[in-house]
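Hi everyone, thanks for coming.

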Amino acid sequence: MTLKLLPLAILCAALVGCQSTQPRDARAESSTTSENAGSTSGASVTEAEKESFEAWLANFRRQARAEGIDETTLARALDGLRYQPRVIELDGSQPEFVRPIWEYLDSAVSASRVSNGRERLAEYRDTARQMSERYGVPSEVLVAIWGIESSYGDYLGDFSTLEALATLAHDGRRRDFARGELLAALRIIEAGDISPERMKGSWAGAMGHTQFIPSSFLAHAVDGDGDGRRDIWSNIADVLASTANYLDEAGWREGEPWGTEVRLPQGFDYTLTEPDIRRSSAEWAAAGVRSWDGQPLPDLASASVITPAGAQGPAFLVGHNFRTILRYNNATSYALAVATLSDRIAGRDGIQGDWPREQPPLKRSEVREMQQRLDDRGFDVGTPDGILGPNTRRGLRAFQRQIGVTPDGFATKALLERLRR
């Protein structure tokens, strides 16, 4: 593989915060959101916008020709391309509230998604088993990603990928990135994998049943059934093969579990609950970490303990394959959803611990205020940006130690009120 492997979803529309080492999960709501359902709800295009877009498109066309795209492909793909103001609206939008992880998991791993996943796995069992054997990724993991990305193909997105990327390249926040993805989309069309009319997906350029962006399609999509095309829009063999190939090239370890839910001992040091702190299962066991069901911890050479809701919520021991899922979408909520949904589809237990559902969600403005107040007190979490990352958690832990509460780094309204005082 010659391209650098980066998370599919995060590349689409990530907002990177200076106090966070992980990109914001721009698609953590998955492809089932109304934002991804179609492109018809948009504002009208002004004459000035139209003229500016057409001038940009003509210039891009000359550049694409110089980069080797043939005239036939350029005509098929770019003639009549329209500016989509709705894409710019979505590119600039940001939810007011920081959605709690338990609310995300409630929808991502709902009872209907579990039952539908079992039905899809039964329906495509032979194909899924073939791809699992070929690439070493469990069938239930492939089906889980399929379910979370597009609800098993029910919500592929109805935006023209070409129009969405052209609009973003002309007027979006990450224009150079979108331009590169548009050029990759032209190469896909030139290769004969899909026609311009059928190349549809999310407003951010993610396509097909498991939402590949064009550059990732070029790098990782494969022909699963040998028909000479890579069709992630309608060919399930290609969908499952391409998803398995992506995870395989991301480093999936065959036969190793993603991790397990655990119980932490009294007085556990929550400064150890960061993804970059890794120890063997034996070392965690020696520190008092126990599996939820009392069985021995899975044999993981390099595992982290994570507590997405701090000391008030469930804890998990996660290993290399959990981090591999993060290469697909770099958000803990997403990886935990894939891991949990795959377990449920395979007939294993889901999450057993209770989430602190009584905690009200924070507004992003409140997160920024929290960060500013931590900075003002000398805890140095970086420039406030409303994104809860490791620097913010580290600052919160220091503040919690100062006021004598469990230093788990979990941001709550109660902590914000203490900072205000």
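Let me start with the rule for pairs: rings of Phe, Tyr and Trp (its six-membered ring) pair if their centres lie within 6.5 Å, and planes under 30 degrees apart count as stacked, over 60 as edge-to-face and the rest as tilted. By that rule there are 16 aromatic pairs. One of them joins F212 and Y328 edge-to-face, with 6.3 Å from centre to centre and 70 degrees between the planes. F212 sits in the loop between β2 (200-201) and α11 (214-220) while Y328 belongs to helix α14 (residues 320-328), so this pair ties together parts 116 residues apart in sequence. Helices here are DSSP runs of H or I with at least four residues, strands are runs of E with at least two, and both are numbered from the N terminus.

Y328 also pairs edge-to-face with Y246, at 5.1 Å centre to centre and 70 degrees between the planes. Y246 is in helix α12 (residues 236-250) and Y328 in helix α14, 82 residues apart.

Are these rings, F212 and Y328, buried or exposed? Both are buried, meaning under 20% relative accessible area, with exposed over 50% and partly exposed in between (1.4 Å probe, protein chains only). Y246 is buried too.

Elsewhere, ring pairs link F53, W56, F60 and Y83 into a cluster.

Now for charges over rings, where NZ of Lys or CZ of Arg must be within 6 Å of the ring centre and within 35 degrees of the ring normal. R263 has its charged end over the ring of W292, 3.8 Å from the centre. R174 lies over the face of F177, 4.5 Å from the ring centre.

A word on the basis: this is a predicted model, where local features need pLDDT of at least 70, side-chain atom pairs count only at pLDDT 80 or more, and totals for chains, interfaces and linings use all residues. Residues are numbered from 1 along each chain as its sequence is written, and side-chain values use heavy atoms, leaving out hydrogens and water.
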